[in-house]
Amino acid sequence: MPHSSDSSDSSSFSQSPPPSKQDSSDDVRKVQRREKNRIAAQKSRLRQTQKADTLHLESEDLERQNAALRREIKQLTEEMKHFTSMLSSHEPLCSILTSPPPPPEVLYATHSFHQPHISSPRFQH
């Protein structure tokens, strides 16, 4: 049954009283808080999207670097195979490898490990 607006009815205490100044200011604060929360959530979602975009770009860059490094590894491996093959074919013919090593005094006689003071203008103070 619908409520009557008759104030003499004792069961009509569920009717809300007219809004007071306190209720009005609470409503305003509630609306402001919701608006502030909505803006904060919006900013949070924007930051999250930007972070995801940044991570995606970084991931793509790392994929490119990885591919370039894999190509370089492949090229260097091929180069190593080539040089290993060249060395293998050279070793049997190499006179340095088949002859005995010279005595150390012969190796170091032409090398001077003690350098005299360099008189170049570049090294002078």
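Mentor: We shall take confidence, fold, surface and salt bridges in turn. Please bear in mind throughout that this is a predicted model.

Trainee: Which average pLDDT does the protein chain have, and what share of the residues score at least 70?

Mentor: The pLDDT expresses the predictor's confidence in each residue. Here the protein chain averages 81, and 68% of the residues score at least 70.

Trainee: In which helix is confidence lowest, and in which is it highest?

Mentor: Confidence is lowest in helix α3, residues 104-109, with a mean of 65. The highest value belongs to α1, at 96.

Trainee: How many helices and how many strands are there in the protein chain?

Mentor: The protein chain has three helices and zero strands. Helix α1 covers residues 21-90.

Trainee: What percentage of the residues in the protein chain is buried?

Mentor: A residue counts as buried under 20% relative accessible area. Of the 125 residues in the protein chain, 2% are buried. The accessible surface comes to about 12,400 Å², and carbon and sulfur atoms account for 59% of that area.

Trainee: How many salt bridges does the count come to?

Mentor: The criterion is a side-chain nitrogen of Lys or Arg within 4 Å of a carboxyl oxygen of Asp or Glu. By this rule there are four salt bridges. One of the four pairs Arg38 with Glu35, and their closest N and O atoms are 2.5 Å apart.

Trainee: What is the N to O distance between Arg64 and Asp61?

Mentor: The side chains of Arg64 and Asp61 meet in a salt bridge at 3.9 Å, N to O. These two residues also belong to helix α1, three residues apart. Arg64 is exposed because its relative accessible area, 52%, is over 50%. Asp61 counts as partly exposed, at 34% relative accessibility.

Trainee: With which residue does Lys81 form a salt bridge?

Mentor: Lys81 forms a salt bridge with Glu78, and the closest N and O atoms are 3.8 Å apart. Lys81 and Glu78 are both in helix α1, three residues apart, about one turn of the helix. Glu78 is partly exposed, with 44% relative accessibility.

Notes. Residues numbered from 1 in each chain as written. Predicted model: local features only at pLDDT ≥ 70, side-chain atom pairs only at ≥ 80, totals over all residues. Heavy atoms only, no water. Helix = DSSP H or I, 4+ residues; strand = E, 2+ residues; numbered from the N terminus. Buried < 20%, exposed > 50% of the residue type's maximum accessible area, 1.4 Å probe, protein only. Areas by Shrake-Rupley, 256 points an atom, 1.4 Å probe, with all protein chains shown as cover. pLDDT = per-residue confidence, 0-100.
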